[in-house]
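Subject: Structure for you to look at

Hello,

Here is the structure I promised to pass on. Please open it alongside this message, and my notes follow below.

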Amino acid sequence: MREPAAEDHPAGTRVPEGLEPGQLVVARNRKWNGKAHWVVPGRYLGEDRHGWWIFQGTNEFCSRPGAAFYTKSDAVLLVPRDGDWVATFYDDAHPGGVRIYIDLAVAHEWNTIRPKVTEFHVIDMDLDVVRTATRGVFIDDEDEFAEHRVAMDYPTALAESLQASAEKLYQAVKAQQAPFDGTDVEWFTKGRG
């Protein structure tokens with residue numbers, strides 16, 4: 001399988017078309033080498049200046065090759081208007097105490113697969129910025145990123161850009177800059193309404 005190329009992901013697919021609150025959105029992640037990663041269903045909530053928000057409720061079935069589970073807490077996913085990342089915000093019920101989990105990710109792409117059902121695709125690039133109730137804010141999976149950077153032959157410029165983005169996001173979460181300032185609370189309320 002060939003590696004993804006920039007021309008495979010036209011800029012126009014970065015913005016969803018025709019989404020309405022309540023519609024099913026299935027988030028599908030894959031790795032740089034094309035292998036499937038997480039699949040997480042949710043319900044579209046709406047958009048704001050930060051991007052598009054998707055509610056992922058408790059007891060949703062999530063899976064990836066070799067793993068599957070039912071969620072134990074509510075979450076809201078933010079797909080940003082720009083930037084190589086997506087952020088998931090969790091409520092206090094998250095079993096690991098995770099509050100914010102940012103995946104560094106590229107090739108954001110929305111696809112309508114039938115009326116009222118949309119898929120959101122992204123390529124997960126390993127690096128994560130995480131805030132937990134006990135550990136605070138940290139960058140995770142740097143070892144996995146270093147390994148995959150070689151094994152999957154990440155382009156040097158992309159790898160360096162992702163590392164710089166991870167550092168900026170780390171600082172933004174630590175400083176509680178928007179949208180990491182409690183903006184998600186409104187979206188949790190809408191999702192549970």
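Let me begin with the lining of the largest pocket: by class, there are 15 nonpolar, 7 polar and 11 charged residues in it. Here Ala, Val, Leu, Ile, Met, Phe, Trp, Tyr, Cys and Pro count as nonpolar, Asp, Glu, Lys and Arg as charged, and the others, Gly among them, as polar.

Before going further, please note that this is a predicted model, in which local features need pLDDT of at least 70 and side-chain atom pairs count only at pLDDT 80 or more, while totals for chains, interfaces and linings use all residues. Residues are numbered from 1 along each chain as its sequence is written, and side-chain values use heavy atoms, with hydrogens and water left out.

Back to the pocket. A pocket is an open set of points on a 1 Å grid over the protein atoms alone, where a 1.4 Å probe fits, with protein on both sides within 12 Å along at least five of seven lines; lining residues have an atom within 4 Å of a point. The largest one has a volume of about 700 Å³, volume being the space filled by probe spheres set on the points, which are joined across faces, edges and corners. Its lining comprises 33 residues, and W38, V40, F69, Y90 and Y101 lie nearest the centre. Strand β9 gives the most to this lining, with 5 residues.

As for the overall fold, the chain has 3 helices and 10 strands (DSSP runs numbered from the N terminus: helices are H or I with at least four residues, strands E with at least two). Along the sequence, the pattern is β-β-β-β-β-β-β-β-β-β-α-α-α. Buried residues make up 50% of the 193 residues, where buried means under 20% relative accessible area with a 1.4 Å probe, protein chains only.

Two residues may interest you.

- D91 sits in the loop between β7 and β8 and is buried, at a relative accessible area of 15%. The D91 side chain reaches the backbone nitrogen of A93 at 3.0 Å. Beyond neighbours within four places in sequence, D91 is in contact (heavy atoms within 4.5 Å) with residues including S73, D74, F188 and R192.
- P41 belongs to strand β2 and counts as buried at 17% relative accessibility. Leaving out residues up to four places away in sequence, P41 touches L24, V25, V26, Q56, E60 and F61.

Best wishes

Notes:
A polar contact is a pair of N or O atoms within 3.5 Å; within protein, one must be able to donate a hydrogen and the other to accept it, and residues adjacent in sequence count only if both atoms are side-chain atoms.
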